[in-house]
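The following paragraphs go through parts of one protein model. Please keep the sequence and the structure in view while reading.

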Amino acid sequence: MRTPVTIIGAGLGGLTLARVLHVHGIPATVYEAEASPMARAQGGMLDIHDYNGQLAVRAADLMDEFRGLVLEGRQAMRVLDREGTVLFERADDGTGGRPEVQRGELRRMLLDSLPADTVRWGHKVSGTRALGEGGHEVTFADGSTVVTSLLVGADGAWSRVRPLLSAAIPEYTGVSFVETYLYDAETLHPAAAKAVGGGSMMAHAPGRAIHAHRESGDTLHTYVLLPRSQDWFAEIDFTDAAAATARIAREFDGWAPELTALISDGDTPPVLRPHHALPIEHRWDRVPGVTLVGDAAHLTAPNGEGANLAMLDGAELGKALAAHPDDVEAALAEYERAMFPRSAEVAAEGVGSDELMFGDDAPHTLVRMFSEFIGRERAQ
């Protein structure tokens with residue numbers, strides 16, 4: 001294939017695509033808004049599944065490197081009630097298909113696997129436009145432009161490439177995270193560390209929840225889940241860390257102190273993460289010379305599948321382009337035919353999850369779901 005690929009966005013989907021293309025000898029350039037690989041923190045833990053994310057890693061020929069990133073024991077998980085009582089627990093016995101890695105280390109693995117000049121940092125896209133006959137122009141914030149005959153938007157929820165294909169705009173799902181960290185947890189926050197355990201912890205009650213992961217370096221990463229309107233959150237001044245922390249903590253009055261400590265004792269200012277989503281059946285008619293991967297194509301509320309699907313998108317698109325070296329449109333059509341139903345199925349699985357997570361019978365709904373899942377696993 002002689003057509004170079006222009007990729008917008010150096011997240012997991014865009015980098016997986018670039019790596020799979022590189023494996024097949026296809027040139028690609030990735031344009032990324034961030035100034036450098038270390039310009040910002042890259043998020044927390046990711047469980048990379050054997051049925052999608054790991055397939056992408058294999059297509060990228062990076063399984064040995066991936067295994068070196070896995071944090072042993074982190075597949076352990078538990079469900080607690082608001083009093084801190086463990087209602088469900090599953091140990092990490094090493095047989096699970098969802099090993100945990102740090103997002104930043106996974107991204108670094110992909111970056112290190114690419115030629116040094118593949119990613120162009122500090123290129124924030126301000127707009128895109130069609131030129132006809134499959135050509136597209138990308139304009140950057142500094143006024144520079146690039147013209148390409150094969151453009152891939154891997155630029156996330158608020159993609160600048162998506163308008164070339166679709167008028168869809170992500171909408172607020174009604175739920176937001178508030179995120180914080182506790183460092184040196186075993187020494188400085190022992191009660192919270194004990195409550196979280198060796199992997200992930202979920203504590204639910206009607207209308208609210210606390211999730212926490214044990215990350216590398218004795219760090220606890222906390223996500224407070226609140227189904228509230230954007231107006232409700234707008235009344236909280238998140239520039240005042242102490243006041244914002246106190247306001248969020250009040251939503252958990254009466255909870256066990258080892259759980260509320262995950263909020264009130266945070267070593268970082270609380271960060272608001274509102275959840276947005278595209279329509280479940282989001283798709284577009286084939287437009288020559290352009291497509292999307294990851295959240296740009298099928299943004300959903302966090303469900304454990306987003307990073308995995310983004311990586312699989314990148315891998316499948318790369319493989320399709322390699323399989324059709326003289327017919328880019330055939331490759332894009334093949335990729336989209338498989339991607340649309342795959343992503344729609346995952347998005348549909350999240351419908352009704354609010355009742356499961358925040359309904360009147362929470363956390364017992366979660367306990368029943370996990371118990372049934374384990375039962376099916378054992379029956380197979």
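Between which two strands does the loop with Gly 44 lie? The model shown is a predicted one, and in this model the loop that holds Gly 44 runs between strand S2, residues 28-31, and strand S3, residues 45-47. Is Gly 44 buried or exposed? Gly 44 has a relative accessibility of 5%; because buried means under 20%, Gly 44 counts as buried.

The surroundings of Gly 44 include residues from elsewhere in the sequence. Apart from neighbours within four places in sequence, Gly 44 is in contact with Val 101, Gln 102, Arg 103, Tyr 181, Glu 215, His 221 and Tyr 223. His 213 is 169 residues away from Gly 44 in sequence, yet the C-alpha atoms of the two are 8.3 Å apart in space.

Helix H4, residues 103-112, supplies the largest share of the lining, with five residues. By residue type, the lining consists of six nonpolar, six polar and five charged residues.

A further element is the hairpin formed by S4 and S5. Strand S4 covers residues 77-80 and strand S5 residues 86-90; the two run antiparallel and are joined by four bridges. Across this pair, Met 77 stands opposite Arg 90 in S5. Five residues lie between the two strands, and Gly 84 in the turn has a positive phi of about 90°.

Notes:
Residues are numbered from 1 along each chain as its sequence is written. This is a predicted model: local features need pLDDT of at least 70, side-chain atom pairs count only at pLDDT 80 or more; totals for chains, interfaces and linings use all residues. Side-chain values use heavy atoms; hydrogens and water are left out. Two strands pair if DSSP finds at least two bridges between them. Buried means under 20% relative accessible area, exposed over 50%, partly exposed in between (1.4 Å probe, protein chains only). Contact means heavy atoms within 4.5 Å. Ala, Val, Leu, Ile, Met, Phe, Trp, Tyr, Cys and Pro count as nonpolar, Asp, Glu, Lys and Arg as charged, and the others, Gly among them, as polar.
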